[in-house]
Amino acid sequence: MPKPQIKPTLNTDKPNVPIMIPYARQSIDESDIEAVVDTLRGALITTGPLVDRFENAIREFTGTKHAVAVANGTAALHAAMSAANIQPGDEVIVPTLTFLASANCVVYQGGTPVFADVDPDTLLVDPADVERKITSKTKAVIAVDYAGQPCDYKRLRDVAAQHGLVLVADAAHSLGADLDGGHVGTLANLTTLSFHPVKHITTGEGGMVLCDDETTAQTIRRFRHHGIDADHHLRSEKGQWHYQMTELGYNYRVTDFQCALGLSQLKKLPNWLQRRREIAARYDEEFSNLPQVSPLKTNDRVNHAYHLYVVRVPAEDRKRLFSFLREKDVGVNVHYIPVHLQPFHQKRFGCSEGLCPNAERVYQTIISLPMFPGLRDDEFARVVALIKGFFT
Ligand SMILES: *Cc1c(COP(=O)(O)O)cnc(C)c1O
């Protein structure tokens with residue numbers, strides 16, 4: 001039987017030259033490259049001064065008190081679960097419509113992810129379903145700011161406070177967003193970021209944990225570095241070489257050249273957010289008279305960061321539209337397959353179809369269109385024309 005043809009998204013003759021308009025893509029310019037190269041010429045290329053500078057810049061940008069840079073967004077979530085003291089037997093409520101890492105981080109700690117359903121119009125976790133899924137074993141809730149729109153943290157904070165739960169914001173999609181004037185990074189007990197190339201700013205791979213509590217930040221710094229406590233008092237007493245490991249940690253550090261890239265990228269973030277919002281407004285307008293295509297609802301209490309631009313189309317058209325756009329070199333995607341439908345989670349935790357009906361239904365209809373600051377007007381026009389052509 002012939003293998004099904006799957007169109008490549010990268011040109012293999014010229015690696016890194018895309019042949020498609022992707023759904024997301026990093027913007028790297030000469031100033032970013034110079035910043036990285038400068039750092040490579042320095043004495044310290046990891047655990048050096050650029051790490052602190054990048055952390056401080058994110059603290060200033062988000063208004064959070066503490067920031068700890070780590071190897072990637074998944075490591076940031078793992079660190080958050082460790083800081084929340086998640087242990088075997090503990091339950092953590094996670095929306096099912098998210099990237100795998102939001103749930104897997106619970107499993108790394110031996111905990112059980114309990115999947116909550118989403119609002120079918122915003123695809124944000126439904127606080128009422130979170131409340132329904134709380135048991136005596138629940139220790140934390142992870143909210144995911146799907147597509148770049150902050151969840152209803154006001155309600156989630158109330159629910160968490162009432163039941164003594166740690167509230168974690170997986171803000172991999174929402175750096176630069178606000179809710180009721182409060183910045184992402186200040187809306188939950190712990191906030192995690194990702195700097196993967198598809199996200200708002202990139203360090204290649206990278207992530208960060210944000211929090212307002214000094215002790216928690218120190219715990220996360222130890223977690224990032226093998227659980228080592230850099231106690232200077234002990235060093236002067238027992239010898240300069242002394243270090244002690246107080247708990248199990250990992251090597252989740254980032255390099256200085258990655259942080260140099262992050263710092264350089266962060267300077268451009270305000271303009272990029274503006275461009276993302278402009279693209280979203282133009283898509284909204286283009287689709288306002290196309291009944292088959294409905295953008296997600298946005299809450300008027302938020303300032304959206306638009307990591308993704310997701311539309312819903314009739315379920316019977318989704319697969320055909322997806323193939324049609326891929327065939328025309330538009331790199332659309334689907335975010336996400338509900339996590340509770342994954343074989344691993346079904347086998348390990350016994351979850352099955354029917355657990356989160358809204359997410360299961362809406363998953364059949366969603367498609368993510370190109371959304372990134374470097375998207376050119378002619379590319380935007382091509383995407384819109386193809387979709388309108390498909391439906392008319
Ligand atoms: C990207 C992403 C992550 C993981 O980030 P990495 O840096 O790729 O490890 C976690 N959660 C969500 C919602 C994401 O989109």
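# Strands, ligand shell and selected residues

In this predicted model, Ser368 of strand 17 is the bridge partner of Val310. Residues are counted from 1 along each chain in the order in which its sequence is written. Because the model is predicted, local features need a pLDDT of at least 70 and side-chain atom pairs count only at pLDDT 80 or more, while totals for chains, interfaces and linings use all residues, and side-chain values rest on heavy atoms, with hydrogens and water left out.

## Strands and their partners

Strand 17 comprises residues 366-369 and runs antiparallel to strand 15 (residues 309-312), to which four bridges join it. Strands, like helices, are DSSP runs numbered from the N terminus, with at least two residues (E) for a strand and at least four (H or I) for a helix; two strands pair if DSSP finds at least two bridges between them. Both faces of strand 17 are covered, since Ile366 and Ser368 on one side and Ile367 and Leu369 on the other are all buried, where buried stands for under 20% relative accessible area, exposed for over 50%, and partly exposed for the range in between, with a 1.4 Å probe and protein chains only.

Strand 9 (residues 190-194) is likewise mostly covered, with five of its five residues buried. Leu190, Thr192 and Ser194 point one way from strand 9, whereas Thr191 and Leu193 point the other way. Strand 9 pairs in the parallel sense with strand 6 (residues 166-170) over three bridges, and here Asp170 has Thr192 as its bridge partner. With strand 10 (residues 207-211), strand 9 pairs in the antiparallel sense over five bridges, and Ser194 has Gly207 as its bridge partner in strand 10.

A further group of strands forms an open sheet of three, in the order 8-7-14 and with antiparallel pairing. Its edges are strand 8 (182-183) and strand 14 (302-303), each of which pairs on one side only. Strand 7 (residues 178-179) is joined to strand 14 over two bridges, and Leu179 stands opposite Val302 of strand 14.

## The shell around the ligand

Two residues named above, Asp170 and Ser194, return here, for together with Gly73, Thr74 and Lys199 they come nearest among the 16 residues around the ligand; a residue is near a molecule or strand if one of its heavy atoms lies within 4 Å of it. By class, the shell has six nonpolar, eight polar and two charged residues. In this scheme Ala, Val, Leu, Ile, Met, Phe, Trp, Tyr, Cys and Pro count as nonpolar, Asp, Glu, Lys and Arg as charged, and the others, Gly among them, as polar. Helix 3 (73-83) and helix 4 (101-108) each supply at least two residues of the shell, and the largest share, three residues, comes from helix 3.

| Side chain | Distance to an oxygen atom of the ligand |
|---|---|
| His173 | 2.8 Å |
| Lys199 | 3.0 Å |
| Tyr336 | 3.3 Å |

Taken alone, the ligand exposes 370 Å², of which the protein buries 92%; such areas come from the Shrake-Rupley method with a 1.4 Å probe, and for residues only the protein chains shown count as cover.

Tyr336 lies in the loop between strand 16 (330-331) and helix 12 (343-349), and a cis peptide bond with an omega of about 5 degrees joins His335 and Tyr336.

## Selected residues in helices and loops

Leu321, in helix 11 (residues 315-327), is buried because its relative accessible area is 1%. Apart from neighbours within four places in sequence, Leu321 is in contact (heavy atoms within 4.5 Å) with Val313, Ile367, Phe390 and Phe391. Ser264, in helix 9 (residues 256-266), counts as buried because its relative accessibility is 6%. Ser31, Asp32 and Ala35 are the residues in contact with Ser264 once its neighbours within four places in sequence are left aside.

Asn85, in the loop between helix 3 and strand 3 (91-95), has a positive phi of about 60 degrees although it is not a glycine. At 47% relative accessibility, Asn85 counts as partly exposed. Leu123, also not a glycine, has a positive phi of about 65 degrees and is found in the loop between strand 4 (112-116) and helix 5 (127-132). At 1% relative accessibility, Leu123 counts as buried.

Key:
A polar contact is a pair of N or O atoms within 3.5 Å; within protein, one must be able to donate a hydrogen and the other to accept it, and residues adjacent in sequence count only if both atoms are side-chain atoms.
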